[in-house]
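Hi there,

Here is the structure I promised to pass on to you. Have a look at it first, and then read my notes on its aromatic rings below.

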Amino acid sequence: MGETADHGPPPPPQVAPPPLAVSRGPTWVPAEQLQQLQYCIHSNPSLPQAFLLAFQHYIVMLGTTVLIANLLVPRMGGTQGDKAQVIQTLLLMSGVNTLLQTLFGSRLPTVMGASFAYMLPVFSIINDIEDGNFASEHERFTKTMRTIQGSLIVCSFINIILGFSRLWGELTRLFSPIVIVPVVSLVGLGLYARGFVLLGNCVEIGLPMLILLVVSQQYLKHVPSRANFIFERFALLFCIGIVWAFAAILTVAGAYNNVKNQTKESCRIDRASLISDASWIKIPYPFQWGTPVFRASHVFGMMGAALVTSAESTGTFFAAARLAGATPPPANVLTRSIGLQGIGMLLEGFFGSLVGTTASVENVGLLGLTNIGSRRVVQISTAFMIFFSIFGKFGAFFASIPLPIFAAIYCILLGIVAAVGITFIQFANNNSMRNIYVLGVSLFLGISISQYFVSKSTGTGGGPTRTGAGWFNDILNTIFTSAPTVAMIVGTLLDNTLDARSTGIDRGLPWWEPFQHKHGDYRTEEFYSFPLLIHEYIPTRFH
């Protein structure tokens with residue numbers, strides 16, 4: 001029998017808790033545009049400052065260009081002169097493609113730089129060719145470059161079709177802030193190997209660079225002075241100059257005379273006689289390595305890289321829009337930018353580039369570091385890329401900057417991009433368990449799956465996918481070594497299948513959907529319209 005008598009005093013009345021803003025401190029409303037930018041996408045600093053800022057963009061993109069050339073050219077049998085010529089070609093293609101994108105593509109201040117996504121298929125080409133009979137190593141190098149050329153030319157049509165058929169734009173309509181968060185975050189975090197892992201190859205140079213950059217750019221800018229803006233905007237150049245001079249002193253003093261070869265490569269400024277072997281003046285021209293070689297297995301293998309660069313560029317464009325003070329790019333802008341990226345890849349095949357290009361993540365991070373998202377600055381940086389692609393000695397001089405210096409810079413810049421991705425969660429319900437599940441699984445699998453594929457890679461193009469079809473192995477291994485690509489696949493599937501219809505508000509769709517259409521927000525035309533008089537020659541569906 002249950003008790004019915006009341007044996008105690010009545011419970012005290014419940015008092016409603018005070019509002020969160022009173023009891024816990026202030027809260028912040030979502031902000032579609034960052035308010036602390038000094039120059040946004042269509043505002044421009046003075047011309048002298050613009051040139052210095054543009055030169056910073058050139059220096060930042062140079063690190064990845066040199067790193068890719070260092071990794072691939074020796075494996076192909078190329079000399080130091082060949083490496084210098086490869087770097088010149090990569091710089092020219094970066095300059096041309098960046099100019100095309102900022103004028104007719106995304107219209108965002110994004111540099112198009114050499115992409116690591118092409119490493120696995122290029123390694124496969126190297127392995128297939130190195131078993132042949134060649135009169136010299138240079139002949140083997142030339143044959144490898146011609147084969148890469150042919151593969152880039154054919155695979156460029158993947159991006160062209162995805163873009164100009166508007167198929168990629170339709171895919172991006174499946175995105176929500178819940179998908180954008182892991183994709184943009186892993187665009188930065190997925191490149192962690194270019195950070196302290198690379199810095200650790202020469203700690204005595206890389207670590208001072210990292211500390212000096214943080215102190216000078218973040219702390220000294222608060223020192224009362226009429227010139228404190230110099231620390232905020234140009235600290236990167238000053239720090240590179242100081243640490244580069246320190247590395248030169250160590251090199252001349254003989255600090256690296258009796259060390260391992262890897263330490264010499266990482267620390268010395270005179271490594272591998274790159275400056276002496278570079279030409280004073282040499283203009284990269286179409287088919288400079290000879291007639292392209294087309295092999296179906298290599299073409300199919302490189303298709304995976306074309307898909308990965310599309311996914312990674314898309315995530316980078318969203319980060320660039322945020323750091324440039326623009327609204328998220330709508331589907332028509334993304335689709336034309338991917339199509340134009342395919343045209344750029346076609347040009348790279350014609351000119352004999354070593355790899356294709358993608359939107360440079362580190363240069364987007366530089367927008368956040370300097371608080372300057374001006375499109376004009378990035379357009380001016382293309383002049384430096386093209387200039388140093390022609391005058392090889394000058395380009396090789398800056399290419400001699402030790403890679404750990406670049407690694408220290410990337411520790412900051414890639415972290416900024418990763419954090420920008422996290423800010424997109426403000427437009428969705430971050431207290432929804434459903435959203436927490438999708439975010440957590442997408443982030444973790446994006447990192448975990450890609451790391452598994454990277455750890456199982458042999459360094460010669462092989463990976464955990466090992467079927468009888470080498471081209472199929474290259475496609476899967478390339479796609480799943482890209483953390484943002486995996487996050488995009490997982491996040492899009494989960495977000496559009498788990499209670500998608502009943503959780504539209506929690507997913508942030510009321511805020512997101514207007515930005516998916518070119519006329520959905522009045523600011524879209526302001527940020528993404530073509531230059532004057534171009535509208536007459538571009539089909540309206542791409543405006």
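**Aromatic rings**

The count comes to 26 aromatic pairs, where rings of Phe, Tyr and Trp (its six-membered ring) pair if their centres lie within 6.5 Å; planes under 30 degrees apart count as stacked, over 60 as edge-to-face and the rest as tilted. One of these pairs is Phe387 with Phe394, which is tilted, at 6.4 Å centre to centre and 40° between the planes. Phe397 and Phe398 are edge-to-face, because their planes stand at 75°, with the ring centres 5.2 Å apart.

A quick word on the source: this is a predicted model, in which local features need pLDDT of at least 70, side-chain atom pairs count only at pLDDT 80 or more, and totals for chains, interfaces and linings use all residues. Residues are numbered from 1 along each chain as its sequence is written, and side-chain values use heavy atoms, with hydrogens and water left out.

Are Phe397 and Phe398 buried or partly exposed? Phe398 is buried, at 16% relative accessible area, and Phe397 is partly exposed at 42% (buried means under 20% relative accessible area, exposed over 50%, partly exposed in between, with a 1.4 Å probe and protein chains only). Phe387 is partly exposed at 38%, and so is Phe394 at 40%.

Finally, look at two charges over rings (NZ of Lys or CZ of Arg within 6 Å of the ring centre and within 35 degrees of the ring normal). Arg336 has its charged end over Phe530, 4.3 Å from the ring centre, and Arg322 lies over the face of Phe424 at 5.9 Å.

Enjoy exploring!
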